[in-house]
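I opened my notebook to go through one model. My entries below follow the order in which I looked things up.

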Amino acid sequence: MEGSKDIVKGYVRYLKLQRNMSANTLDAYQRDLRKLLDYLEREEKDVRDVTLEDLHHFAAGLHDIGIHPRSQCRILSGIRSFYHYMQLDGYRDDDPTELLESPQIGDHLPEVLSTAEVDRLEASIDLSKWEGHRNKAIIEVLFSCGLRVSELVNLKLTNLYFDEEFVRVLGKGSKERLVPISHRAIEELKWWFDDRNHMKIKPGEEDYVFLNRYGKHLTRTMILIMIKRQAVEAGITKTISPHTLRHSFATALLEGGADLRVIQALLGHESIGTTEIYTHLDTSTLRREILEHHPRNMKK
């Protein structure tokens, strides 16, 4: 699609010269547009032939992988700008984004934590308490791996591959996936294991990673209560839950420039929107993307 590349180059020049955008803003616009271009490439569609339905499928995909509505709005705003330019410069007679709606942003929508807020959440934990290192490890694994809370409570010691830096996750429909795990999360888990090794564990519960004080694996409700209490301790006024950390994981990767297909695979989603575009990704691709784009792995 050489023609499409020329259009994008012209668009970047337009943003730079006619709209006088700063380098940072220009970079953000290009990152957001790249997500649409990657999607269209997989669908074998040219930017000049895109329909409103195509854009609806793309927008549904942003929602499907848990991208925060504010980030969705920003991405779609950039795409509107791109097609406005295409119409302005005569590449298209129409603007397919005219009827493209952005998600409504309201207080009832799920919150997202920044990396700094996750750090605050963890820093507020009293590590002198027996459950301190356990709770810190829980928060870090949720944020670093993007697990569902149901996947976290069922995580087993035999699912951890620290040497390879992966965890094996049993997701919805009993489908397994491998998710890279950060050095930070491994470190927090090892601190928890030091405490866990001194516990009296109930028979049959030995393989569960996270246990309560009675040596039994945790429930989703226990983790929800813990995270809400910790948010109060950290002075975080957002309404959060374990799922907030999963949303934060996906948003952090998106903001860092990760491919939507990779985020989709890491979260264990099989489809983006109404279109089946799931393709196999080998573990080296997953590792590279999460190392390059997740804040826990980026070098300062």
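Which residue forms a salt bridge with D32, and how far apart are the closest N and O atoms? I looked it up in this predicted model. The partner is R74, with 2.8 Å between the closest N and O atoms. I then placed both residues. D32 sits in helix α2 (residues 23-42) and R74 in helix α4 (residues 69-88), so the bridge ties together parts that are 42 residues apart in sequence. I checked burial next. D32 is buried, at 5% relative accessible area. R74 is partly exposed, at 31%.

**Other salt bridges**

I searched the whole structure and got 18 salt bridges. I picked out R296 and D119, whose side chains meet at 2.8 Å, N to O. R296 lies in the segment after α12 (283-293), and D119 lies in helix α5 (residues 115-123), so this pair links parts that are 177 residues apart in sequence. R296 is buried, with a relative accessible area of 14%. D119 counts as partly exposed, at 30%.

I also noted R168 with E176, a salt bridge of 3.3 Å, N to O. Is E176 buried or exposed? E176 is exposed, at 53% relative accessibility; the cut-off for that class is over 50%. R168 is partly exposed, at 28%.

Then I followed shared partners. Salt bridges join D119, E122, K136, E140, R184, E188 and R296 into one network.

**Helices α6 and α8**

How do α6 and α8 pack? I found an angle of about 155° between helix α6 (residues 132-145) and helix α8 (residues 183-196), with their axes 8 Å apart. Angles over 145 degrees count as roughly antiparallel, so α6 is roughly antiparallel to α8. The crossing of α6 past α8 is left-handed.

I listed the residues that meet. From α6 they are H133, R134, K136, A137, E140, V141 and S144. From α8 they are R184, A185, E188, L189, W191, W192 and D195. I marked K136, E140, R184 and E188 here, as these are among the residues of the salt-bridge network.

**The nonpolar core**

Which residues have the most contacts inside the largest nonpolar core? I wrote down L36, F82, Y83 and F210, in a core of 81 residues. Leaving aside neighbours within four places in sequence, F210 is in contact with R134, A137, I138, V141, L152, L189, W192, K216, H217 and L218. Of these, R134, A137 and V141 are among the α6 residues that meet α8, while L189 and W192 are among the α8 residues that meet α6.

**L170**

I found L170 in strand β2 (residues 166-170). L170 is exposed, at 51% relative accessible area. Beyond its neighbours within four places in sequence, L170 is in contact with E151, K175 and E176. E176 is the salt-bridge partner of R168 noted above. I also checked L170 against S150: 20 residues apart in sequence, 9.2 Å apart in space, C-alpha to C-alpha.

**Helix α11**

How many residues of α11 are buried? I counted seven of eight in helix α11 (residues 260-267), so I logged the helix as mostly covered. The buried ones are L260, V262, I263, Q264, A265, L266 and L267. I looked just past the end of α11. There, G268 takes a positive phi of about 85°.

Methods. Residues are numbered from 1 along each chain as its sequence is written. This is a predicted model: local features need pLDDT of at least 70, side-chain atom pairs count only at pLDDT 80 or more; totals for chains, interfaces and linings use all residues. Side-chain values use heavy atoms; hydrogens and water are left out. A nonpolar core is a set of buried Ala, Val, Leu, Ile, Met, Phe, Trp, Tyr and Cys residues joined through side-chain atoms within 4.5 Å. Buried means under 20% relative accessible area, exposed over 50%, partly exposed in between (1.4 Å probe, protein chains only). Contact means heavy atoms within 4.5 Å. A salt bridge is a side-chain nitrogen of Lys or Arg within 4 Å of a carboxyl oxygen of Asp or Glu. Helices (H or I, at least four residues) and strands (E, at least two) are DSSP runs, numbered from the N terminus. Axes are lines fitted to C-alpha atoms, for helices over the stretch in contact, and angles run from 0 to 180 degrees between N-to-C directions. Angles under 35 degrees count as roughly parallel, over 145 as roughly antiparallel, 65 to 115 as roughly perpendicular and the rest as oblique. A crossing is left-handed if the near helix is turned anticlockwise from the far one by less than a right angle, and right-handed if clockwise.
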